[in-house]
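Reader: I am new to reading protein models. Can you take me through some features one at a time?
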Amino acid sequence: MKFTRRLILAAAAVAALSATPARAADDHLLYLDTKDGRVTIKLRPDLAPKHVERIEKLAKEHFYDGIVFHRVIDGFMAQAGDPTGTGMQGSRYTDLKAEFTDTPFKRGTLGMAREGGDVNSGNSQFFIVYADAPQLNGKYTVFGEVVSGMDVVDKIKKGSKSNNGMVDNPDKIIKMRVAGDES
């Protein structure tokens, strides 16, 4: 009787564990809304788990809501994530160590911006490349890619060459949310 009862309990435990839902297909998706529409971003924890964790945490805190695309260079990239809009600050959290991979920067890739030459200074600022950017390969952390809405990214107001891409009256991120947490 004891053996049968243990066997039944063990079978029930195995059934409960196997009934745990698998990760949803939309895990690690971000929705970035601008005045021109929505950009859907697939985050890549397989490439940069700490960076993805940070971006998701900040998005869940609504950190990016109202943040401007302060530096936008036509044909190169659009950068956001500085709460001051100057490109000089990040979030209240400590900086992250670089998570370099062999993944190339191609149109729509998201990379973590950093301060000057310090590869371990990624915090909250990120950029989306407009075109393939092999000069960034292995030098910046790749943590995601645009899966839809590059036409929206293409419409982000560009900065001037004379001002290193800094934008006057820049476009904003209206809101950025992790899929399933769209409040």
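Reader: Is histidine 28 buried or exposed?
Author: This is a predicted model, so keep that in mind throughout. The cut-off for buried is under 20% relative accessible area. Histidine 28 has 18% relative accessibility, so it counts as buried. Its place is in the loop between α1 (2–18) and β1.

Reader: What phi does histidine 28 have?
Author: Start with the general idea. Most residues other than glycine have a negative phi. Histidine 28 is not a glycine, yet it has a positive phi of about 65°. Asparagine 164 is not a glycine either, and its phi is positive, at about 55°. Look for asparagine 164 in the loop between α3 (150–154) and β8. It counts as partly exposed because its relative accessibility is 48%.

Reader: How far apart are the end C-alpha atoms of helix α2?
Author: Work out what to expect, then compare. Helix α2 covers residues 49–60, which is 12 residues. At 1.5 Å a residue, α2 should span 16 Å. The end C-alpha atoms of α2 are 16 Å apart, so the two values agree.

Reader: Which residues of α2 are buried?
Author: They are His51, Val52, Arg54, Ile55, Glu56, Leu58 and Ala59.

Reader: What covers the buried residues of α2?
Author: Strands are part of the cover. It includes β1 (29–34), β2 (37–43), β5 (109–112), β7 (142–148) and β8 (175–178).

Reader: Which residues touch the most other members in the largest nonpolar core?
Author: The general idea comes before the case. In soluble globular proteins, nonpolar side chains tend to be buried together. Here the largest nonpolar core has 34 residues, and Phe126 and Phe143 touch the most other members. The largest share of this core comes from α2, with four residues. A second, separate core has nine residues, including Phe105, Ala113, Ala133 and Leu136.

Reader: What is phenylalanine 126 in contact with?
Author: Leave aside its neighbours within four places in sequence. Among the contacts of phenylalanine 126 are then Leu32, Tyr64, Leu110, Met112, Phe143, Ile173 and Met176.

Reader: How many salt bridges does the structure hold?
Author: Side chains of opposite charge can pair when their charged atoms come close. This structure holds nine salt bridges. Take lysine 35 as a case. Lysine 35 forms a salt bridge with aspartate 36, and their closest N and O atoms are 2.9 Å apart. Lysine 35 also forms a salt bridge with aspartate 171, where the closest N and O atoms are 3.9 Å apart.

Reader: Which parts does the pair of lysine 35 and aspartate 171 tie together?
Author: Find the two loops. Lysine 35 lies in the loop between β1 and β2, and aspartate 171 in the loop between α3 and β8. The pair therefore ties together parts that are 136 residues apart in sequence.

Reader: Which residues are linked in a network of salt bridges?
Author: The network links Arg44, Asp46, Lys106 and Glu145. Within it, the side chains of arginine 44 and aspartate 46 meet at 2.7 Å, N to O. Aspartate 46 counts as exposed because its relative accessibility is 54%.

Technical notes:
Residues are numbered from 1 along each chain as its sequence is written. This is a predicted model: local features need pLDDT of at least 70, side-chain atom pairs count only at pLDDT 80 or more; totals for chains, interfaces and linings use all residues. Side-chain values use heavy atoms; hydrogens and water are left out. The expected span of a helix is 1.5 Å times one less than its number of residues. Buried means under 20% relative accessible area, exposed over 50%, partly exposed in between (1.4 Å probe, protein chains only). Contact means heavy atoms within 4.5 Å. A nonpolar core is a set of buried Ala, Val, Leu, Ile, Met, Phe, Trp, Tyr and Cys residues joined through side-chain atoms within 4.5 Å. A salt bridge is a side-chain nitrogen of Lys or Arg within 4 Å of a carboxyl oxygen of Asp or Glu.
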